[in-house]
Amino acid sequence: MTTLAWTGAIRDRDRLLRLLQEYGVYAALAVLFLVAVALDGSFVSSGNVRIQLFQVAPTLLVALGMALVIGTEGIDLSVGAVVALAAAVVPLYLGYGLAPALLLALLLGAATGAVGGAMVAFARVQPIVATLSLMIGVRGLAEIVNGNSAKPVTDAALLGLGSDSFSGVPLMAWIAALCALVVGFVVRRTTFGRRLVAIGDNRQASRLAGLPVRRVLLTVYVVSGVLAALAGVMIVGHGAEADPANQGLNLELNAITAVVVGGTPLTGGRVRVLGTVAGALFMQLITAVLTQHDVPNSYTQIVEAAIICCAVYASQERGTR
Amino acid sequence: MSPTVLPSTTTPAGTGPAAQGARLPLRERLAGQIQHRGALAVLVLVAAIASATSATFPTWSNISSILGNNAFVWLLALGMTFVIITGGIDLSVGSMYALGGVLGAYGAQTGGTWLAILLPLAVGAAWGTVQGLLIARAGMAPFIVTLAGLLGARGLLQAVTREGATTYLVPAGSWFRNLGAGVWTPVVLVAVLFALGGLLLTRTRFGAALTALGGNENAAVLMGLPVARAKVLVYLLSGTLAAAAGALGSARLGSGVTTIGVGYELTAISAVVIGGTLLTGGSGSIGGTVSGVLLLAVIHNLIDHYFSQYGSAFTDTVNGAFLALVVLLQTLLSRTQQLS
Amino acid sequence: MVQQAPVPVPDSVLEVAGVDKSFAGVHALIGVHFTLRQGEVHALIGENGAGKSTLIKVMTGVYRPDAGRIRFAGRDREFRNPLEAQAAGISTIYQEVNLVPLMSVARNLYLGREPRRLGLVDVRRMNRDAAAELRRFGVDTDVTRPLRTLGLGAQQMVALARAVQVDARVVIMDEPTSSLEPREVDTLFEVIRRLKDHGIAVVYVSHRLDELYAVCDRVTVMRDGAVVHTGEIAGLERLKLISLMLGREPATVREEGATAFDADRDAATEGRPALRATQLNVRHRLHGVSLDIRPGEVVGLGGLLGAGRSETAKAIIGALAADGGSVEVDGTVLRRRSPAAAMRAGVVMLAEDRKAEGIIPSLSVRENIALAALPRLSRAGLVSQAKQDELVRFFMDRLRIKASGPDQRVGDLSGGNQQKVLLARWLCLQPKVLLLDEPTRGIDVGAKAEVQALINELAGDGLGVLLISSELEELIEGSDRVVVLKDGRVVGELAGDQVSEDALLGALAQDGQDRQVGQVGQVGQDRQVGQDRQDHDKEPQS
């Protein structure tokens with residue numbers, strides 16, 4: 001579009017929105033937490049906190065990968081399907097032990113990510129379309145692998161992964177937190193993280209600066225696939241069953257929401273890892289509060305939809321100026 | 001005084017880029033044909049092979065079941081065609097289909113045929129308009145707006161049915177019920193809507209504006225086309241069609257099914273894209289979408305027949321693979337075209 | 001400087017009077033007067049940043065002027081957007097054809113105004129009318145084909161036909177010939193003359209002087225946001241026109257230097273070239289460009305806007321796909337052609353468009369400087385903070401980058417400091433050859449002098465430098481040798497004492513008909529420029 005200069009009155013609103021984008025999620029999280037405690041003191045009971053952590057861990061894992069992808073001005077809709085794929089293959093190989101099964105799931109996640117990444121990086125297909133085709137196809141594949149019904153899982157190690165706690169905090173939450181630390185470190189301190197953000201911010205300048213644009217894009221989608229597969233294994237472990245038809249449904253939406261609510265603009269060039277963690281916690285908390293106060297699931301969904309729209313609107317354009 | 005320098009090659013008017021006349025290079029024409037008629041060709045091929053190898057495929061009962069059971073869902077692809085031609089996407093249609101169905105059944109149960117028809121249409125139109133306004137006026141990305149729409153419409157549906165606890169029934173023998181019954185009513189209804197859609201796209205200024213907007217939004221604005229209005233209208237159209245499809249579907253099934261419609265948006269997108277409409281917008285046809293939905297329906301039917309143990313999973317896999325293939329093909333074709 | 005007085009001309013169709021326009025404190029237009037007469041073809045010329053495009057945008061309603069007024073067809077008008085201007089009768093043909101490539105030719109011609117019958121678009125009539133209409137513009141083609149499949153020339157004709165059809169009284173053409181074949185240019189001229197006969201006024205923006213003389217009646221020259229000359233083109237000699245555009249009366253800056261370049265630096269003239277580019281071809285842009293750069297030498301690339309200067313630099317580093325030609329660095333031919341490969345071989349380019357192709361705006365100064373050097377600052381993918389900080393500190397000091405600290409967002413820095421950050425990004429790679437595309441454009445005077453001094457110093461250290469600049473004095477005083485480009489071809493080379501403004505102006509003013517490659521030392525002396533080059537010819541050159 002032509003850059004019409006409608007400056008002036010808009011500027012104040014822009015500043016407000018920028019502040020909102022920067023710190024809004026932490027403030028909202030704090031307020032929501034206080035409200036939750038005020039409404040119901042037992043909210044902070046260790047039991048409840050643990051339940052919340054169990055539920056948020058897989059979403060957070062997927063959201064971390066999604067944040068990286070969105071940082072490159074992309075999107076990965078295939079993550080939910082990757083969860084299903086992981087759920088489908090894990091029970092088949094549990095006979096050899098958890099490690100080989102887990103490894104295989106992660107490899108398949110990487111492979112799915114690689115296919116999507118290759119379409120984006122080399123064939124220059126729009127990310128949304130490339131990953132949409134995987135979203136449809138891979139879930140179908142997972143259901144074929146699994147057969148029609150959900151399969152119960154009895155492997156002790158896997159169940160442990162899904163439900164054990166360490167120092168009172170679920171193992172899954174520890175893993176998610178560890179991954180968040182690693183991703184945060186990668187974004188801040190490594191060549192790869194630096195390049196990723198640069199590519200998302202200004203692809204042409206990055207190419208002219210000699211950055212390996214394609215390799216970085218490919219890697220980002222692979223990482224997203226691996227994290228989604230890990231989340232899938234956790235979901236199977238926690239639920240004690242493998243149900244590729246239902247597990248991971250709408251997970252991509254939840255992950256995108258967490259990222260966007262966390263203040264990462266969809267236009268790329270920024271990855272806010274701590275914000276993403278806060279975003280995931282916020283969405284988890286809001287669902288929990290609404291559910292625990294007997295607000296029907298329907299209204300919860302409508303509230304979530306409204307939050308997504310508001311967060312996207314707040315994070316638009318102004319992230320990059 | 002320096003004399004005005006005229007180029008030595010001054011030519012009389014009327015010559016010039018006349019070499020443009022004649023015909024396109026073969027490769028160009030081939031690419032165009034693949035895009036526009038590829039789905040039709042594959043459809044004919046698949047149908048021919050199926051008819052030759054299977055005794056049950058070419059029977060009337062099989063064909064009528066393909067048509068009758070799927071026709072209403074194809075309306076999602078009709079609406080999606082318009083959206084994708086503008087370069088957008090509407091992920092909310094699956095939820096809207098389910099919502100339309102529940103509202104249709106609710107209307108039929110409580111207020112009769114007219115409410116059963118008008119209520120879903122009004123809600124679908126309103127929902128589509130809100131999405132369109134967020135996209136056209138607030139400048140938000142279509143996929144995120146309609147993804148939120150997908151969630152919100154499901155929520156609304158749950159609220160209407162009290163979390164799925166209430167099932168609304170379409171009274172047996174009501175006039176509304178007849179709209180969805182049999183083979184011919186659905187097929188004729190849907191065919192008429194597709195024909196109207198085709199007319200709208202190719203023979204009205206609105207349709208031309210949609211195509212132009214998807215092809216080059218800047219140019220469309222500079223040409224004075226009503227770009228923002230067209231965007232809002234296209235999501236309105238898609239929402240309305242999806243709700244209408246759902247309502248008709250409920251008439252066929254006899255009740256508003258709350259769990260229906262999950263993933264229908266993906267099938268619709270696949271059908272549209274397989275039919276040769278560019279996902280980047282700016283080019284597409286209703287005829288292509290017809291080929292696309294028929295092709296997917298035939299494949300679905302064959303899979304049901306040969307691989308019934310896998311159910312819809314196999315269809316999804318094929319859909320996804322098809323979509324990826326077609327999109328890759330489109331990207332490659334457009335790249336050859338850019339180079340030449 | 002000739003400032004046209006706002007005397008109302010009786011037959012003027014469009015009149016811009018005393019228009020000011022500034023963006024964030026930068027004056028883009030200063031008291032501009034511009035009068036377009038009915039049925040004339042009026043050339044609008046000037047270098048980059050002269051204000052041409054801003055003026056066009058003010059006339060067509062994209063921008064609103066801060067001060068001054070616009071009269072169109074005898075009335076004061078304030079167009080709120082391009083659409084209103086178009087509806088009033090001012091059509092613009094943009095450099096990039098602004099049509100819908102995937103739709104049919106006929107559709108494009110009639111979009112929004114399709115003939116209708118019974119409420120539906122009458123496709124048959126539309127196609128018939130379109131074919132007839134386009135034939136009048138010299139385009140004889142199947143109008144149902146997608147527009148995209150037409151040549152660019154024909155596409156431009158479609159745009160023109162569309163513009164004329166909406167009852168245009170003024171047609172503004174922004175570089176209409178930049179992608180046309182010579183034969184298509186002729187047709188365009190034919191059409192322009194026909195428009196003129198119908199009383200339609202044309203504003204013609206182009207950098208090809210030959211074309212201006214061929215088709216235009218009057219010319220307005222802009223520089224630094226102001227109109228510096230308006231008048232008949234027939235009486236104006238080329239050399240005068242160019243010196244107006246560049247703002248240098250050749251005689252005035254004979255002696256005193258105007259830049260921070262050190263005139264005494266010894267240029268390396270011996271030895272193996274650090275970079276040798278041979279026969280670079282890029283479709284429509286470059287035709288067999290060759291040049292050498294020796295270590296320690298600053299080679300200037302001269303030419304008017306659109307001559308192919310940036311394209312040459314981009315083709316060298318592989319950012320623009322070349323159809324042919326080779327690039328050697330230190331005697332080794334580069335096999336892979338990409339910016340990354342060129343960078344590894346030691347050739348880097350400071351891009352002209354700082355915003356779009358240079359800075360990563362939301363990253364910090366530190367991250368921007370270290371971006372290209374990341375591999376050598378990291379071990380196993382981990383960026384060494386110590387090494388990085390050392391490097392960043394060194395370059396921030398050395399280039400005197402003014403920022404609140406290494407953590408400041410580059411997008412918030414001034415233009416001059418952004419440019420220094422980009423220079424630092426390349427210098428920390430210790431390149432052998434540095435391609436500088438307009439290194440001092442849009443930066444303040446102080447920073448400019450610093451950058452110029454730095455170029456000097458770098459060449460002194462043995463770096464080969466390619467310097468592209470639209471500023472004549474920068475090019476002349478900064479370069480040891482100047483290669484002159486025109487229409488994508490090398491048309492001359494100035495070396496030693498010949499590197500002077502007069503010689504360069506002479507080379508630029510060569511008649512376009514004469515495209516043979518000039519011999520060293522010949523250019524600027526014997527080119528027929530016009531019949532009356534009195535004042536310049538009187539002074540002996542070289």
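A residue is counted as buried if 20 or more other C-beta atoms lie within 10 Å of its own, as exposed if 12 or fewer do, and as partly exposed in between, with C-beta atoms placed from the backbone. By this criterion, 54% of the 542 residues in chain C are buried, and in chain A the share is 55% of 321 residues. The model is predicted, so that local features need pLDDT of at least 70 and side-chain atom pairs count only at pLDDT 80 or more, whereas totals for chains, interfaces and linings use all residues. Residues are numbered from 1 along each chain as its sequence is written, and chains are lettered from A in the order in which they are written.

The secondary structure of chain A consists of 13 helices and four strands, where helices (H or I, at least four residues) and strands (E, at least two) are DSSP runs numbered from the N terminus. Chain A has a radius of gyration, taken over C-alpha atoms, of 20 Å; this is close to the 20 Å given for 321 residues by the globule rule, so chain A is as compact as a globular protein of that length. The rule is 2.2 Å times the number of residues to the power 0.38. The C-alpha trace of chain A spans about 65 × 50 × 35 Å along its principal axes.

Chain C contains 19 helices and 24 strands. An automatic or database domain assignment divides chain C into domain 1 (271–346 + 431–542) and domain 2 (354–430). Their contact, defined by C-beta atoms placed from the backbone and lying within 7 Å, takes 11 residues from domain 1 and 10 residues from domain 2 of chain C. On the domain 1 side, helix α16 (residues 445–460) of chain C gives the most, with four residues.

Between chains C and A, the contact takes 26 residues from chain C and 23 residues from chain A. Elements giving two or more residues to the chain C side include α10 (339–345) and α11 (354–358) of chain C.

A nonpolar core is a set of buried Ala, Val, Leu, Ile, Met, Phe, Trp, Tyr and Cys residues joined through C-beta atoms within 7 Å. The largest such core has 390 residues, of which A:Leu85, A:Ala86, B:Leu76 and C:Leu435 touch the most other members. Helix α10 (residues 213–239) of chain A supplies the largest share of this core, 18 residues. Because domain 1 and domain 2 of chain C both give residues to this core, it lies between them. Beyond its neighbours within four places in sequence, B:Leu76 contacts residues including B:Val93, B:Tyr97 and B:Leu241.

Key
Contact = placed C-beta atoms within 7 Å.
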